[in-house]
Amino acid sequence: MRLFRKAAPTGRRPRPQDATDRPAASLSYYSRRSDEDLNIGRQQVRAKRRPLPGSLRRFWLQRFGLIILSVAVIASAVDVISLSAHTSVQTVGSTAIALLHTQAEYQTAADRLVAASIWNRNKLTVNTSSIARQLKTEFPELTSVSVSVPVLAHRPIIYIEPDQPAILLIVSNGTFVLDGAGRAILAVTNPTALADLNLPLVTDQSGLTLKRDQQGLTTSNVSFIQTIVAQLAAKSISISSLTLPAGTSELDAAIGRSSYIVKFNLATATARQQAGTYLATKARLESRQITPSQYIDVRVDGRAYYK
């Protein structure tokens, strides 16, 4: 067996292999492979980002449908909250006052008030209290006015409650309809036009002047007059005229075609009793075939005087 002695180091380091000594083909191969891989990757990313044929049209079709739906929803909302300038006026309570102002007159006034402001044309900003207040100011005979906004419909509903007319009062500056509280609710140019209402016609001789919505008589005065008229009408006794003399609390009633008047005390609350006293006195005088020439005075409770 031969033994080989290991060669002793010569003291020189082995020269590192220069990069130029590497195989050129191998370097060229790996460089080209890297570039191709890199380029292929970019192409794949770009291919993923490029929209497919027809996807752009599908995108806008979907957006167009959403836009149409949004416009339809907005249009429906605007339509729901919009209000018409044409109102629906409905009368509640007493309907006798409708003969003083027709339904068409109330309707025209209500339409004008709603159309006066653009804010009244939708349900969110309509000023219902202002409309009611203005309508009541224009028509003092209305004791109550309320405006209702419908949920689905477009015409505002206005409920009006007219006061019951009580008497016609002739004063120095014209004729006025008074309500039960004695307040002037309407100036009348032709009292005969209200004949269907069968309102007592009272003439004031004190020189009183009135304006609409002013106090003409007290509530007790109106009640007294209505009671006298009703009590005599119940006995088929008609009153041809009623007069309030100046400077007194007296009510003079001319009876039918008789030549005398009946004097009542307007300052008391005994209208029924005074009417009863007159009826009893009238019957007694007729039984004796006595006809007063001037008056029958029942202003003192329980007593009657005639002349």
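These are my notebook entries on a predicted model of one protein chain.

I number residues from 1 along each chain as its sequence is written. Local features need pLDDT of at least 70, side-chain atom pairs count only at pLDDT 80 or more, and totals for chains, interfaces and linings use all residues, while side-chain values use heavy atoms, with hydrogens and water left out.

**Whole chain.** I looked up the secondary structure and found 6 helices and 12 strands. These are DSSP runs, numbered from the N terminus: helices are H or I with at least four residues, strands E with at least two. Of the 307 residues, 33% count as buried (under 20% relative accessible area; exposed is over 50%, partly exposed in between; 1.4 Å probe, protein chains only). I then checked contacts (heavy atoms within 4.5 Å). Among those between residues at least 6 apart in sequence, 57% join residues at least 24 apart.

**Helix α3.** I compared its length with the expected span (1.5 Å times one less than the number of residues). The 13 residues of α3 should span 18 Å, and the end C-alpha atoms are 18 Å apart, which agrees. Y106, Q107, A109, A110, D111, L113 and V114 are buried in α3. The buried residues of α3 pack against β1 (88-91), α4, β2 (142-148) and β3 (157-162).

**α3 against α4.** I took α3 as residues 103-115 and α4 as residues 128-138; they pack at about 140°, with axes 10 Å apart. Axes are lines fitted to C-alpha atoms, for helices over the stretch in contact, and angles run from 0 to 180 degrees between N-to-C directions. The pair is therefore oblique (under 35 degrees is roughly parallel, over 145 roughly antiparallel, 65 to 115 roughly perpendicular, the rest oblique). From α3, A109, A110, R112, L113 and V114 meet I131, Q134, L135 and E138 of α4. By class, I get 6 nonpolar, 1 polar and 2 charged residues in this contact.

**Q274.** I found Q274 in helix α6 (residues 271-287). Q274 is buried, with a relative accessible area of 1%. Leaving aside neighbours within four places in sequence, I list F224, F264, N265, T268, V298, R299 and D301 as its contacts.

**G256.** I found G256 in the loop between β9 (250-255) and β10 (261-265). Its relative accessible area is 29%, so G256 is partly exposed. Not counting residues up to four places away in sequence, G256 touches S238, I239 and S240. I also checked S241: G256 and S241 are 15 residues apart in sequence and 8.5 Å apart in space, C-alpha to C-alpha.

Notes. Nonpolar A, V, L, I, M, F, W, Y, C, P; charged D, E, K, R; others polar.
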